[in-house]
Amino acid sequence: MPLSTSRRIALLTSASLALLAGCGSSSDSSGAKGTPARVAVVASTNVWGDIAQRIGGDRVDVTSVISDPDQDPHSYEADPQNQLALSKAKVVVENGGGYDDFVDHMLKGGHNDSAEVINAVEVSGKTAPKGGELNEHVWYDFPTVAKVADRISAALAKADPSGATTFTKNAAAFKAKLAPLEAREARIKKAHGGAGIAITEPVPLYMTEASGLVNRTPAQFSEAIEEGDDVSPRVLQESLALFSDKKVKALVYNEQTSGPQTEKAEAAAKAAGIPVVPVTETLPKGKDYLGWMTSNLDALASALAK
């Protein structure tokens, strides 16, 4: 019988704690010539890990639990190495909103009650709309990212007071580079506000909404895809008609969770001459957060201009 997620986590926790018994924690020791050891930071995905690295610079050691661009974060299974890293972490950055509950399970299992935990959804202040579901993909929302950057800076300063000025300066520099991204959204809104788009999942909606675009996808389609469920024939047909009837100007497609039904949507869009804009949930190889979001906005603007 397959092990449940909670049972897998418990077993992996036990294995990791056994490893810990024979290992000292470098994060509790001083570096060469009395300099403070780097702050151990664990992020649930490489999106938040990249942001933490930018703010911490050479004063942090960042471990990103999910970093494979080909992996679906929703199907992540606990790993003993990541459990070990979480047991030593001084700062933990999780997304929250049900996206990465494994982080809380592993922290509890590793008995790390001292880590400063930053929950991005909680920081955002976003809640589910009445009668709807929360869109937890808050890293596509630049105001939220700016708030999280400040929280990371404060948490790192608490763990390493001597680096407080550096962390504050780095966070300010990072937030300054978010401003052009928000300005790009405003330009897209000015040029294409009100234009319809289709999506396969809610992943990019904070960006597309800030850009003034209207999601015309039936909610039952994107919700089913996100949950890994089958889309009913009626809803699928309704979704595909968005392309044949030219009711949308682009399909924004989550590459990390493709399947037969999303592939049908992609094929229908291409057959109708509707541009497809691929997005992902984690950083593509060779990209940092700012470069990644710049590429996403470039692709979106280019598609809408066709």
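Two strands count as paired if DSSP finds at least two bridges between them; helices (H or I, at least four residues) and strands (E, at least two) are themselves DSSP runs, numbered from the N terminus. With that in hand, we can start at a sheet. Please keep in mind that this is a predicted model, in which local features need pLDDT of at least 70 and side-chain atom pairs count only at pLDDT 80 or more, while totals for chains, interfaces and linings use all residues. Residues are numbered from 1 along each chain as its sequence is written, and side-chain values use heavy atoms, with hydrogens and water left out.

Strand β5 (residues 196-199) pairs with strand β7 (residues 251-254) in the parallel sense, over 2 bridges.

Now for a pair of helices. α7 (residues 164-192) and α12 (residues 289-304) pack at an angle of about 10 degrees, their axes 11 Å apart. That makes α7 roughly parallel to α12, a label given to angles under 35 degrees.

A nonpolar core is a set of buried Ala, Val, Leu, Ile, Met, Phe, Trp, Tyr and Cys residues joined through side-chain atoms within 4.5 Å, where buried means under 20% relative accessible area and exposed over 50%, with partly exposed in between (1.4 Å probe, protein chains only). In the largest such core, of 56 residues, W48 and Y289 touch the most other members. A second, separate core of 18 residues includes A198, V248, A269 and A272.

Finally, two loops deserve a look. Most residues other than glycine have a negative phi. H111, however, has a positive phi of about 55 degrees although it is not a glycine; H111 lies in the loop between α4 (102-109) and β4 (116-119) and is exposed, with a relative accessible area of 61%. K246, in the loop between α10 (233-244) and β7, also has a positive phi of about 55 degrees, and K246 counts as exposed at 54% relative accessibility.

Technical notes. Axes fitted to C-alpha atoms, helices over the stretch in contact; angles between N-to-C directions. Parallel < 35°, antiparallel > 145°, perpendicular 65-115°, else oblique.
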